[in-house]
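Subject: Handover of a structure for your study

Dear colleague,

I am pleased to hand over the structure shown below. Please keep it open while reading, as the notes that follow refer to it throughout.

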Amino acid sequence: MPSSRQSVQSTAEASAPLASLRRSGQLFETERRLNAVLNNASVSIFLMDDRQHCVYMNRAAEKLTGFTLDEVLARDCPLHDVVHHTYPDGRPFPLQDCAIDRAFPENNQERGEEVFVHKSGHFYPVGFTASPIRDDTAKIIGTIIEVRDISEEKAAAERQRLLINELNHRVKNTLATVQSIAAQTFRGKTDAAVRRVFDERMLALSDAHNVLVADNWESASLWSVVERALAPHASAEVDSDRFKLSGPDARLHPKIAVTLSMALHELMTNASKYGALSVPEGRVAVAWSVRHEDAGSGQLELHWQERGGPVVVAPVRTGFGSRLIERQLPMEFDGSAEIVYEPAGVACRLQIPLTELGWHGQETATLQGAP
Amino acid sequence: MSALEGRRVLLVEDESLVAMLAEDMLVDLGCDVTVAMRLDKALAHARNGSFDLAVLDVNLGAQRSYPIADVLFERGVRFLFATGYGFAGLEQAYRTIPVVQKPYRLEQMQDILIHVMTCTMRPRKDAPADAGCGCRPAMSGALRFQAEGFA
């Protein structure tokens, strides 16, 4: 039975094509899976050869660029010249200036944002990551580029910018409007001195908001808050030694920035009316320290000390300033505040816990989950 | 003598200057006021204190005052919300609670507090929007306007 013997004899030889057949079956399966992954990915993927020509693009990439893979292959030129050839202002964009294509020549991963040109001619912003790919000997043989359309993100960022500008404008305008209404309403009916107190408080509030505007309402610099609060008096002074400020800068939550500004304004006003700043030789020292605790939180200790003024007499009545500082401020921030009317000069000591910055508050998760 | 004379009121308001104004108004109305400016402190007062009424600012910094409202529901303390956004600023479950529109005004505060105190219907959490108290037309013009907007 030659045939049966042959088949036994040929087992070794026959197994070779069988294995290769099995391997090609596995390869086919692998390719099928890879295509399923690539063509269902929402990110656009391009594979570039060593000449920066695109040799593969997935379905998302075809949709993004408007070109099919066949069209790109038929162009037989670097991908850059197909999708990235022109700057939005119309100037030509040469390949050698392109950061995406630099991933290959410069041998490392490049990330960034660029503006591509669609097949139909319109421009669209993209975020990209370009990574070199290597052969078995670590030689770079091409680049893989992932690209995302970031039009939505750009539009959202732009809307946010416009909103913040509008917010800045509205807040400043509203404060100015309140000031004007007060001026019209109380003209001739109120003591000019009372009006001045009101105007100065409005100004202090407005200044506090200027510090916030500088940082998109996310936080304010402690130094700026102190400097701005003292500025109305400091700028009028010839003697620059009148104020001694010492302490590290820190980022303050907007609420702390506004209330602290108002508190310092009240201390200043009191000092210039009755305290150290009411006489030429008086001095004010403002010293503070920030003790950092765990991430994002800490404790601010601020000490206001007047020297060289008239002998201090404790006020008989609790005014706006001391109510704001000694009562409201500790309640608002869970801190403490004390004004001491020492004969040698008014002293104020504030302790304010510094909470996490930003618009998302400190205890939301723990407290709302509490029974 | 004001109908609010001697009433114990919990005021929850997180902005120092605004809290001073609201407190002064309530004191002028004859109320015995307890101020809380932070959620944790307000919750402690709501749980342990004894109050006839409460005024809750909805936005406490990054937090909302709803957990306080829930304690007050439980303890049967009548309250109202204060917000710059009117009823639109309230979560659905609390839409039947009376609202004072900020900025605070003495007459509006007085009207709504008296209403809240004397109304025979007790608002519930999660009540349907039209289950608000029937005496709403008795409230001030601005409030009625908003209430109708969400009927």
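UniProt places the feature "modified residue: 4-aspartylphosphate" at Asp57(B), in an unreviewed entry; UniProt positions are given in the numbering used here, feature names are shortened, and annotations may be inferred rather than shown by experiment. This is a predicted model, in which local features need a pLDDT of at least 70 and side-chain atom pairs count only at pLDDT 80 or more, while totals for chains, interfaces and linings use all residues. Residues are numbered from 1 along each chain as its sequence is written, and chains are lettered from A and ligands numbered from 1 in the order in which they are written.

**Asp57(B) and its strands**

Asp57(B) is found in strand β3 of chain B. Helices (H or I, at least four residues) and strands (E, at least two) are DSSP runs, numbered from the N terminus. Is Asp57(B) buried or exposed? Asp57(B) is buried, because 26 other C-beta atoms lie within 10 Å of its own. The term buried requires 20 or more other C-beta atoms within 10 Å, exposed means 12 or fewer, and partly exposed lies in between, with C-beta atoms placed from the backbone.

Leaving aside neighbours within four places in sequence, Asp57(B) is in contact with Val12(B), Glu13(B), Asp14(B), Ser65(B) and Ala82(B). Two residues are in contact if their C-beta atoms, placed from the backbone, lie within 7 Å.

β3(B) pairs with β6(B) in the parallel sense over 5 bridges; two strands pair if DSSP finds at least two bridges between them. Within this pairing, Leu56(B) stands opposite Phe81(B) in β6(B). Strand β6 (residues 78-83) of chain B is mostly covered, with 5 of its 6 residues buried. β6(B) is also joined by 3 bridges to strand β7 (residues 99-101) of chain B, and these two run parallel. There, Ala82(B) stands opposite Val100(B) in β7(B).

**Chain B as a whole**

Chain B has 5 helices and 7 strands, and along the sequence the pattern is β-α-β-α-β-β-β-α-β-β-α-α. Of its 151 residues, 41% count as buried. UniProt lists residues 8-117 of chain B as "domain: Response regulatory", again in an unreviewed entry. Over that range the chain is 41% helix and 25% strand, and the end C-alpha atoms are 12 Å apart.

The pLDDT is the predictor's confidence in each residue, from 0 to 100. Chain B averages a pLDDT of 84, and 83% of the residues score at least 70. Over residues 134-151 of chain B, however, the pLDDT is below 50; beyond near neighbours in sequence, this stretch has 26 contacts in the model. The model scores ipTM 0.82 and pTM 0.73.

**Helix α1 of chain B**

What span should the 13 residues of helix α1 (residues 16-28) of chain B have? At 1.5 Å a residue they should span 18 Å, and the end C-alpha atoms are 18 Å apart, which agrees. The expected span is 1.5 Å times one less than the number of residues.

The buried residues of α1(B) are Ser16(B), Ala19(B), Ala22(B), Glu23(B), Met25(B) and Leu26(B). An α-helix has 3.6 residues a turn, so residues three or four places apart point the same way. What covers the buried residues of α1(B) includes α9 (254-273) and α10 (320-333) of chain A, together with β1 (8-12), β2 (32-36), β3 (53-57) and α4 (106-118) of chain B. Just after α1(B), Gly30(B) takes a positive phi of about 95 degrees.

**Chain A**

The secondary structure of chain A comes to 11 helices and 12 strands, and buried residues make up 23% of its 371 residues. In chain A, 5 strands form an open sheet with mixed pairing, in the order β7-β9-β10-β12-β11. Its edge strands are β7 (243-246) and β11 (336-342) of chain A, each pairing on one side only. β7(A) is joined by 4 bridges to strand β9 (residues 283-292) of chain A, and the two run parallel. The bridge partner of Lys244(A) in β9(A) is Ala285(A).

α10(A) lies across β11 and β12 of chain A, running at about 160 degrees to β11(A). Axes are lines fitted to C-alpha atoms, for helices over the stretch in contact, and angles run from 0 to 180 degrees between N-to-C directions.

Yours sincerely
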